[in-house]
Amino acid sequence: MLRIQPGVNMQSEQQQKYRDDYYATVIDSVGDGVIVVGSNGRITLCNPAAEQITGFSQRQAKGAEFDKLFSLETTLVEMLTKTMRTGITISDHENVVVRSTGKITPVAVTCYPLVEGSGENIGAILTLKDITYIRELEAAVRQADRLSTLGTLAAGLAHEVKNPLGGIKGAAQLLEREFSPESEMLEYTRVVIRETERIDHIIRELLELASPRALQIGPVNLHRILGDILLLQKQAVVDRQIAFVQHLDPSIPEIMADYEMLTRLFLNLICNAIDAMGVDGRLTVTSRVLSDYRMTQNQRNSRMVAIEVADDGPGIPPEDLENIWTPFFTTKSGGTGLGLTICHKIVSEHRGMIKAESDPGHGTKFTVLLPLVR
Ligand SMILES: Nc1ncnc2c1ncn2[C@@H]1O[C@H](COP(=O)(O)OP(=O)(O)OP(=O)(O)O)[C@@H](O)[C@H]1O
Ligand SMILES: [Mg+2]
């Protein structure tokens, strides 16, 4: 551990070394990425957070020409060139992404001129902030807005349909009694009754979706929920070659949540995964704790538990991926398309997040994040 003690008399060389180490420690401790570029365009400093964001190690970065190393990131290079030329500070919190890690990381960037005491411009400092979580949260808010409008519409419609439907069912039940057991009409009446019951089920789900029920919060053991669902589902598909794999972190404590709602959530996700797979496949359920997951910019970092339900089915085509949360979006002949809408609502009510990732042809992964402490 480095300690600078002002006032202690040291040799000037030693003092200089301490000072250098001190500043290096300060820069390394900054949570945002910091890259310093000299007037010759070469990188002189790159802290660990910048390493993580860009995917370039300090060894790769130090001494490298900035515009060569970041040749893919034209916006970043343009910002740096402008600051070096004009000596002004430039920020861009919207348009910059970094690709070198193999994935696209959205970043908020500020580029400051590096000015010596004499006023001479000797380079530039770039600060990079990974805003992946902020982008995810913005998308979740947009999604929630869309769903709440649709939910209100659907609820209105459901109310309108509910009463006439009751009338149809009642009349069909009366008719059923009128026909003799041999009558062909009896079968038709039963079809009417069965189908009205199916519509009634959809309407009940829709109404529940739109009118929030107060959560019944209590301590919930997530692994028990997952274990119970998997046990039952294994039985339901004994005639198929589906492997059920569980990677559950035993250190996850009970969370405060609604047991019934979470059962519904994971049952929906696991049934969807099973529906997606053919006669054989592999369903993997994983749980782990994410420490310091930042839900919003202003909120304190909170510990979240992540539960993933992954399958190796056909996946979801990119054009469908954004529609799967929409009520009634289904690609199944017998599906209602309400399952994931309900899942989304349950997770939002628990102040969590849900996301879907899919690699068409290789499978789909749903990740649910729930706060460990409410
Ligand atoms: N694991 C998965 N793999 C592939 N596609 C999926 C998966 N999960 C969901 N989907 C797609 O998303 C659609 C919507 O799912 P959702 O659960 O909302 O409705 P559903 O399963 O079709 O009907 P239900 O209301 O009975 O659940 C599905 O029809 C399917 O196309
Ligand atoms: Mg479903």
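**The ligand shell and its neighbours**

Mentor: H9 gives the largest share of the shell around ligand 1, 4 residues. This is a predicted model, where local features need pLDDT of at least 70, side-chain atom pairs count only at pLDDT 80 or more, and totals for chains, interfaces and linings use all residues. Residues are numbered from 1 along each chain as its sequence is written, while chains are lettered from A and ligands numbered from 1 in the order in which they are written.

Trainee: What makes a residue near ligand 1, and how many residues surround ligand 1?

Mentor: A residue is near a molecule if its C-beta atom, placed from the backbone, lies within 6 Å of it. By that rule 19 residues surround ligand 1, and the closest are Ala-276, Thr-330, Gly-335, Gly-339 and Leu-340. Helix H9 (259–276) and helix H11 (339–349) each supply at least two residues of this shell; helices are DSSP runs of H or I with at least four residues, strands are E runs with at least two, and both are numbered from the N terminus.

Trainee: How do the shell residues divide into nonpolar, polar and charged?

Mentor: There are 7 nonpolar, 10 polar and 2 charged residues around ligand 1. Ala, Val, Leu, Ile, Met, Phe, Trp, Tyr, Cys and Pro count as nonpolar, Asp, Glu, Lys and Arg as charged, and the others, Gly among them, as polar.

Trainee: Which residues of H9 and H11 meet?

Mentor: Contact requires C-beta atoms, placed from the backbone, within 7 Å. Met-261, Arg-264, Leu-265, Asn-268, Leu-269 and Asn-272 in H9 meet Gly-339, Leu-340, Ile-342, Cys-343, Ile-346 and Val-347 in H11. These contact residues divide into 8 nonpolar, 3 polar and 1 charged.

Trainee: Why are E4 and E5 called a pair?

Mentor: Two strands pair if DSSP finds at least two bridges between them. Strand E4 (residues 105–115) and strand E5 (residues 121–130) have 9 bridges in the antiparallel sense, so they qualify as a pair. Val-109 has Leu-128 in E5 as its bridge partner. The two strands form a hairpin with 5 residues between them, and Gly-119 in the turn has a positive phi of about 95°.

Trainee: Why do E2 and E3 stand at the edges?

Mentor: The open sheet of 5 strands runs in the order E2-E1-E5-E4-E3, with antiparallel pairing. Strand E2 (43–46) and strand E3 (90–98) each have a single partner strand, so one side of each is left without a neighbour in the sheet.

Technical notes: Two residues are in contact if their C-beta atoms, placed from the backbone, lie within 7 Å.
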